[in-house]
Amino acid sequence: VQLQASGGGQVQAGGSLRLSCAVSGRTFSSYGMGWFRQAPGKEREFVAAISWSGGSAYYADSAKGRFTISRDNAKNTVTLQMNSLKPEDTAVYYCAAGSYSGSLVGSYDYWGQGTLVTVSS
């Protein structure tokens, strides 16, 4: 399974970005998917996750009300729509795939390379 994240960039506070993750390899629809982020000097943290069917989504408190995770099993992609961005959202964002869609890094078996999001004040 290979994951390719894209869509990062630089944006001013209050702006929006849409991250995408393309998944190739084994059956995409069987995996729970998640987004994590890692800021410089900090541990990787959970942002959002979505079940294999797309029927359930979970968010970190910091993402609730601002970020939306979705997936398209026909296109083998998962997206993270990020609105009302804040400087503290600055980080490298990673998509991940696993048997379960949880908030723990260890719940995921496969990781993308990361895409940098920079939010300026």
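1. A residue counts as buried when its relative accessible area is under 20%, as exposed when that area is over 50%, and as partly exposed in between. The model discussed here is a predicted one. With a relative accessible area of 0%, Cys21 is therefore buried. Cys95 likewise counts as buried, at 0% relative accessibility.

2. These two cysteines belong together. Cys21 and Cys95 form a disulfide in which the sulfur atoms are 2.1 Å apart. The count of disulfides comes to one. The torsion about the S-S bond of Cys21 and Cys95 is about 60°, so the disulfide is right-handed.

3. The aromatic side chains deserve attention next. Five aromatic pairs are found when the whole structure is searched. In one of them, the ring centres of Phe36 and Phe46 are 5.7 Å apart and the planes stand at 70°, so this pair is edge-to-face. The cut-off behind that reading is that planes over 60 degrees apart count as edge-to-face.

4. Phe36 belongs to strand E4 (residues 32-38) and Phe46 to strand E5 (residues 45-50), so the pair ties together parts that are 10 residues apart in sequence. Phe36 and Phe46 are both buried.

5. Another edge-to-face pair is formed by Tyr108 and Trp111, with 6.1 Å from centre to centre and 65° between the planes. Are its two members buried or partly exposed? Tyr108 counts as buried because its relative accessibility is 5%, whereas Trp111, with a relative accessible area of 25%, is partly exposed.

6. The two pairs should be read together. Phe36, Phe46, Tyr108 and Trp111 are linked into a cluster by ring pairs.

7. Which rings does the charged end of Arg44 sit over? One is the ring of Tyr94, where the charged end lies 3.7 Å from the ring centre. Another is the ring of Trp111, at 4.9 Å from its centre.

Terms used:
Residues are numbered from 1 along each chain as its sequence is written. This is a predicted model: local features need pLDDT of at least 70, side-chain atom pairs count only at pLDDT 80 or more; totals for chains, interfaces and linings use all residues. Side-chain values use heavy atoms; hydrogens and water are left out. Rings of Phe, Tyr and Trp (its six-membered ring) pair if their centres lie within 6.5 Å; planes under 30 degrees apart count as stacked, over 60 as edge-to-face and the rest as tilted. Helices (H or I, at least four residues) and strands (E, at least two) are DSSP runs, numbered from the N terminus. Buried means under 20% relative accessible area, exposed over 50%, partly exposed in between (1.4 Å probe, protein chains only). A charge sits over a ring if NZ of Lys or CZ of Arg is within 6 Å of the ring centre and within 35 degrees of the ring normal. A disulfide is a pair of cysteine sulfur atoms within 2.5 Å.
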